[in-house]
Amino acid sequence: KIPVILDTDPGIDDAMALAAALFSPQLDLQLVTTVAGNVSVEKTTRNALQLLQFWNADVPLAQGAAAPLLRPLRDAASVHGESGLAGYDFIDHQRQALTTPAFQAIRDRLMASPEPVTLVAIGPLTNIALLLTHYPECAFAIRQLVLMGGSAGRGNFTPTAEFNIAIDPEAAACVFRSGLEIVMCGLDVTHKAVLTPDFIATLPGLNASGTMLHALFSHYRGGSMTTGLRMHDLCTIAYLVKPELFTLHHCFVAVETQGEFTAGTTVVDIEGRLGRAPNARVALELDVEGFRAWVAEMLALTP
Ligand code: BDR
Ligand code: CA
C-alpha cells in the first residue's frame, strides 16, 4: 500500500477526496492535516474530524496554519457554505486533534516511516511550505507531493489564478522551488473531472456515504447541480490510484507572487520558453470516462 499524508481544507470536494483516500485499497492514509482555506482552520479541523468520525476512521489529525504565510485569509464560504460542509448535519464529533501543529505532525510521521511517504495537498500550501522551511531534512522522506492547485490557463479565483494557489502564493512559490517531486493537478484536469447530475442522483440509493455526499453536493456552489460538479480535489487521489487516467507534462512551473493582477498564478512553461529545468509534472489531460468509472467503483467500497 502507498503510505499517504493528506493536507486538506474540507470543503465539499475535499470530503470526496478524503473518502477516496480512506477507502481505496491501494492507499494507507496515515495522517490528516488541516489548513485554513475554504473556511477557517477551526472549521476545516472540525469538518475533517466529523468526516473521520462519520467513516469511523482511526486516522490521527493535526490542525495546521490559521492563515496564509503573509496574507490574510480569503475564504470560499460562498462555494462550500459558512460551515465549509453545508448541507449535512453531522453529529458533533468526540475526537481530539493531536497537540502538535500540522507541519510538526507531518515531520514526525515522515521521520517515523520506514519508507518514503506521499504527500497529498488539496488546500492552500501553507503547511507544506512551513514543513519545508522548518524541516528541510524531511524532503528525502517525501516520495512525492501530489497537489490540487494552479492552472496552465485560466483561473477560478482571479482571471489567471486558481483558489488554492491564490490564497497563499508565497507558500506555493516555496513549494514549487523546493526540488520535491511534484505532480500538479490543476484546473486543466479538474474542470474535466465532472460528475454528471444523473450520477449524483444515484448516490442516495448507494449507502450512508452516498446519502451524505449527495446532501453536500446539493449545496456545493449554491446548489447548481444542473451542469454536473467538478471534483477538483478528488483528482489527486485518482492520480495516485489510477495514474494511467492522466496525461502529464514535465516542465517548469513558477508561481507569481508580485503581479498587480496575477499574484497566485502558476506560470506553466509548457513549451520550455524560459529555458528552466522542469520542476513539476503537470496533469493536462484526463480520461473522463475512466475517472467516472473509478469514482463509482470507489464509492461502492464506502459504508
Ligand atoms: C480548490 O479550491 C477549493 O475551493 C476546493 O476545495 C479545491 O481544493 C479548487 O480551486
Ligand atoms: Ca480543497
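Two strands pair if DSSP finds at least two bridges between them, and helices (H or I, at least four residues) and strands (E, at least two) are DSSP runs numbered from the N terminus. Keep that in mind for the tour.

This is a predicted model, in which local features need pLDDT of at least 70, side-chain atom pairs count only at pLDDT 80 or more, and totals for chains, interfaces and linings use all residues. Residues are numbered from 1 along each chain as its sequence is written, while chains are lettered from A and ligands numbered from 1 in the order in which they are written.

**Sheet stop.** Select residues 246-255, strand E9. Valine 253 has valine 268 of E10 as its bridge partner. Next, show residues 280-286, strand E11, which is also antiparallel to E9, with 6 bridges. Here phenylalanine 246 stands opposite leucine 286.

**Helix stop.** Select H1 (residues 12-23) and H11 (residues 234-241), whose axes come within 8 Å and cross at roughly 25 degrees (axes are lines fitted to C-alpha atoms, for helices over the stretch in contact, and angles run from 0 to 180 degrees between N-to-C directions). The two helices, H1 and H11, are therefore roughly parallel (angles under 35 degrees count as such). Color Asp13, Met16, Ala17, Ala20 and Ala21 of H1, then Leu234, Thr236 and Ile237 of H11, to see the contact (C-beta atoms, placed from the backbone, within 7 Å).

**Zoom out.** The chain holds 12 helices and 11 strands, and its C-alpha trace spans about 55 × 40 × 35 Å along the principal axes.

Key: Parallel < 35°, antiparallel > 145°, perpendicular 65-115°, else oblique. Contact = placed C-beta atoms within 7 Å.
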